[in-house]
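Here is a friendly walk through one protein chain, with the sequence and the model side by side. Please keep both in view as you read.

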Amino acid sequence: MRGILALLLALVLPVSIQAQETAPDTPSGQQVPRFVSLKVDVANGRSGPSSSHPIAWRYVQAGLPMEVIAETPDWRRVRDPGGEVTWMHRSILSGRRSVFTLDDTPLHARDNAESPVEAVAEAGVVLALERCRTGWCRVEAQGYRGWVQTQTLWGVYPEERGADETAGAPGDGNPALSASRAHDTALP
């Protein structure tokens, strides 16, 4: 019986140690960078990690995707779809994924460009992200659901874009956006 217990411990212990080694060394315990979204309709992006720092941007669209690029225990340094970098309190961010359309984006019935188009999302629309595979993502918004090609989206990881779609990957700084993006400047 002791031999079986020793064997089980010998098998489990290395896995536990390996899991601890791969856990991210961040206050949240999550990977950085990662994508999140805004929980609230109006959110302030600050110039530093505290409420005493001035508001740099005011965002006015719940669900807007943000990329967490650094963090403290209570604050997240985020990049928005326009490439602006601000600090936000963790309480106004959600782990739910969403994406931002960079161009007019057809929602196809299947992950195939030849499949019927169910709807077209204009540039600057936020879509709820369900899943991605091989250069296509399944999204939903306003009762419409479909598959979109990843090159028209901001808020997906390079591995979700597919093997040949790494150009314009998240974190490259400045995707081209329409003038109608969903945040405005805050007054000092």
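**Ground rules**

This is a predicted model, in which local features need pLDDT of at least 70, side-chain atom pairs count only at pLDDT 80 or more, and totals for chains, interfaces and linings use all residues. Residues are numbered from 1 along each chain as its sequence is written, and side-chain values use heavy atoms, with hydrogens and water left out.

**The chain as a whole**

The chain holds 2 helices and 15 strands; these are DSSP runs numbered from the N terminus, with helices being H or I of at least four residues and strands E of at least two. Of its 188 residues, 38% are buried. Here buried means under 20% relative accessible area, exposed means over 50%, and partly exposed lies in between (1.4 Å probe, protein chains only). Among contacts (heavy atoms within 4.5 Å) between residues at least 6 apart in sequence, 54% join residues at least 24 apart.

**Two cores**

A nonpolar core is a set of buried Ala, Val, Leu, Ile, Met, Phe, Trp, Tyr and Cys residues joined through side-chain atoms within 4.5 Å. The largest one has 17 residues, and L38, Y59, L64, M66, M88 and L93 touch the most other members. Strands β1 (34–38), β3 and β4 each give this core at least two residues, with the largest share, 3 residues, coming from β1. Leaving out residues up to four places away in sequence, L93 touches V36, S37, L38, K39, R76, V78 and M88. A second, separate core of 11 residues has A121, C137, A141 and L153 among its members.

What surrounds G63? This glycine sits in the loop between β3 (55–59) and β4 (65–71). G63 counts as buried because its relative accessible area is 18%. Beyond residues up to four places away in sequence, G63 touches S37, L38, S98 and V126. From G63 to V99 is 8.6 Å, C-alpha to C-alpha, across 36 residues of sequence.

Strand β12 (residues 136–141) has 5 of its 6 residues buried, so the rest of the structure largely encloses it.

| Pairing | Bridges | Bridge partners | Residues between strands |
|---|---|---|---|
| β11 and β12 | 5 bridges | R131 and R138 | 2 residues |
| β12 and β13 | 6 bridges | V139 and G146 | 2 residues |

In the loop between β11 and β12 lies T134, whose phi is near 45°, a positive value in a residue other than glycine. T134 counts as exposed because its relative accessibility is 71%. The loop between β12 and β13 holds Q142, where phi is again positive, near 50°. Q142 is exposed, at a relative accessible area of 75%. Most residues other than glycine have a negative phi, and most peptide bonds are trans.

**The disulfide**

How many disulfides does a search of the whole structure find? The search finds 1, taking a disulfide as a pair of cysteine sulfur atoms within 2.5 Å. C132 and C137 are joined, with an S to S distance of 2.0 Å. The torsion about their S-S bond is about 100°, so the disulfide is right-handed. C132 is partly exposed at 21% relative accessible area, whereas C137 is buried at 0%.

**Aromatic rings and a cis bond**

Rings of Phe, Tyr and Trp (its six-membered ring) pair if their centres lie within 6.5 Å; planes under 30 degrees apart count as stacked, over 60 as edge-to-face and the rest as tilted. The count comes to 2 aromatic pairs. One of them, F35 with W154, is edge-to-face, at 5.3 Å centre to centre and 85° between the planes. This pair links distant parts of the chain, with F35 in strand β1 and W154 in strand β14 (residues 153–154), 119 residues apart. F35 is buried at 3% relative accessibility, and W154 is buried at 2%. Ring pairs link F35, W154 and Y157 into a cluster.

Finally, V32 and P33 are joined by a cis peptide bond with omega of about 5°. P33 lies in the loop between α1 (2–22) and β1.

Conventions: Pairing = 2+ DSSP bridges.
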